[in-house]
Amino acid sequence: MNRSPIVIKVGGALLDDAAAMTRLFLSIKDVKATRPVVVVHGGGPLVETLMASLGLQSTKIDGLRVTPDDHMPYICGALAGAANKQLCAAALATGVTPVGLSLLDGNMVVCEPLAEKYGAVGVPATAESTFLKNVLAQGVLPVISSIGSSPQGRLLNVNADQAATVIAELLDGELLLLSNVDGVLDANKALIVELTANSIKQYADDGVITDGMKVKVDAALQSAETLKRAVFIASWSADIADILNKNTGTQILPEKIAPREGDAGDTE
Ligand SMILES: Nc1ncnc2c1ncn2[C@@H]1O[C@H](COP(=O)(O)OP(=O)(O)O)[C@@H](O)[C@H]1O
Ligand SMILES: CC(=O)N[C@@H](CCC(=O)OP(=O)(O)O)C(=O)O
């Protein structure tokens, strides 16, 4: 049986749906009985609401939030604070013991600023895995926000899909990117079952995969190529076992899949 860790990324809109959060953590509880699980989360909608209530303008370029350094205390508060603790509380309420973390905790992930025009937006890279492996060995559920820092100590806002790919790489885990859609949809809103580098380029050129989904698919492809296994994009309403068994969602396939016993990404 495949016992590699499962890294599950959830988008911020989940936080607005208490019933979906409960269902997801119950599904995580089932899977966690056989394999270690890590949750990585965003909180884009929460950030939007907070910025609006503070009267601050917030814009995105190619799906990434432009983040002036003086916005970071609020964004950090929304993601590492409110969103993280809301998810941890929901996990506890379903009988799963969470540990709330951010990318920089335990030196799991190190970030570099992307480019000046984005402000404090970070590009994440793996650092040390020992801390996270020790946390998993305790049998608890790490719940990780996408706030990171640079080696110089600058707080950075990381897209949560990109954050999740790096955590999956850190653990050589299986990656599920769960969102408010059933998976990647074509121009007729039908589910695309499999995507490769070529088909992703085609759909993006045709304007079918855009905005946050473009960031997600690019992050998934990079992770699939690095890990040499399929990455899943699916709905957070779906059962995790169903996603791993390829009954639902979109699989992002690498050019070559490394054979692993019992891996959902195996070619038969
Ligand atoms: N081809 C596509 N298929 C599905 N969703 C798409 C597609 N192109 C753009 N989107 C948009 O991407 C959104 C998911 O990305 P995003 O909002 O960043 O999710 P999350 O916050 O869960 O990471 C969908 O709700 C949809 O509006
Ligand atoms: C740089 C950047 O875009 N950061 C994101 C981080 C949160 C996120 O990615 O949240 P979702 O998963 O809910 O979209 C942001 O500020 O919205």
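The open sheet has eight strands in the order E5-E8-E2-E1-E11-E13-E14-E12, and its pairing is mixed. Strand E5 (98-102) and E12 stand at the edges with a single partner strand each, so one side of each is left without a neighbour in the sheet. Two strands count as paired if DSSP finds at least two bridges between them, and the labels refer to DSSP runs numbered from the N terminus, with helices (H or I) of at least four residues and strands (E) of at least two. Strands of a sheet pair through backbone hydrogen bonds, either parallel or antiparallel. E12 and E14 run parallel and are joined by two bridges; Leu-195 has Ile-252 in E14 as its bridge partner.

This is a predicted model, in which local features need pLDDT of at least 70 and side-chain atom pairs count only at pLDDT 80 or more, while totals for chains, interfaces and linings use all residues. Residues are numbered from 1 along each chain as its sequence is written, and chains are lettered from A and ligands numbered from 1 in the order in which they are written.

The segment after E14 holds Leu-253. Leu-253 is buried, with 22 other C-beta atoms within 10 Å. The term buried requires 20 or more other C-beta atoms within 10 Å of the residue's own, exposed means 12 or fewer, and partly exposed lies in between, with C-beta atoms placed from the backbone. Apart from residues up to four places away in sequence, Leu-253 touches Glu-194, Leu-195, Thr-196, Ala-224 and Ala-230; contact here means C-beta atoms, placed from the backbone, within 7 Å. The C-alpha atoms of Leu-253 and Lys-85 are separated by 33 Å, and the two residues are 168 residues apart along the chain.

Helix H7 (residues 211-227) has 17 residues. From its first C-alpha to its last H7 reaches 25 Å, close to the 24 Å expected at 1.5 Å a residue, where the expected span is 1.5 Å times one less than the number of residues. The buried residues of H7 include Gly-212, Met-213, Leu-221 and Ala-224. Among the elements that the buried residues of H7 pack against are helix H5 (160-171), strand E11 (174-179), helix H6 (197-205) and strand E13 (231-235). H7 is followed by Lys-228, whose phi is positive, near 55 degrees.

H7 also gives the most to the shell around ligand 1, with four residues. Of the 18 residues around ligand 1, those that come nearest are Gly-11, Ser-179, Leu-185, Gly-212 and Met-213; a residue is near a molecule or strand if its C-beta atom, placed from the backbone, lies within 6 Å of it. The shell around ligand 1 divides into seven nonpolar, eight polar and three charged residues. In this count Ala, Val, Leu, Ile, Met, Phe, Trp, Tyr, Cys and Pro are nonpolar, Asp, Glu, Lys and Arg are charged, and the others, Gly among them, are polar.

Ligand 2 has 16 residues around it, of which Gly-12, Gly-42, Gly-44, Arg-65 and Ala-160 come nearest. H2, E4 and helix H3 (72-93) each supply at least two residues of this shell. The shell around ligand 2 has six nonpolar residues, nine polar and one charged.

For "binding site", an unreviewed UniProt entry lists Gly-43, Gly-44, Arg-65 and Asn-157. They span 115 residues in sequence, yet no two of their C-alpha atoms are more than 11.8 Å apart, so they gather at one spot. UniProt positions are in the numbering used here, feature names are shortened, and annotations may be inferred rather than shown by experiment. Gly-43 lies in the loop between strand E2 (37-41) and helix H2 (44-53) and counts as buried, with 29 C-beta neighbours inside 10 Å. Beyond its neighbours within four places in sequence, Gly-43 is in contact with Gly-12, Leu-15, Ala-78, Leu-79 and Ala-83. Arg-65 is in strand E4 (residues 64-65) and is buried, with 20 other C-beta atoms within 10 Å. Leaving aside neighbours within four places in sequence, the contacts of Arg-65 are Val-47, Ser-58, Lys-60 and Asn-157.

Most residues other than glycine have a negative phi. Asp-62, not a glycine, has a positive phi of about 50 degrees, and Lys-189 has a positive phi near 65 degrees. Asp-62 is in the loop between strand E3 (60-61) and E4 and counts as exposed, with 11 C-beta neighbours inside 10 Å. Lys-189 is in the loop between E11 and E12 and counts as exposed, with 8 such neighbours inside 10 Å.

Note on methods: Contact = placed C-beta atoms within 7 Å.
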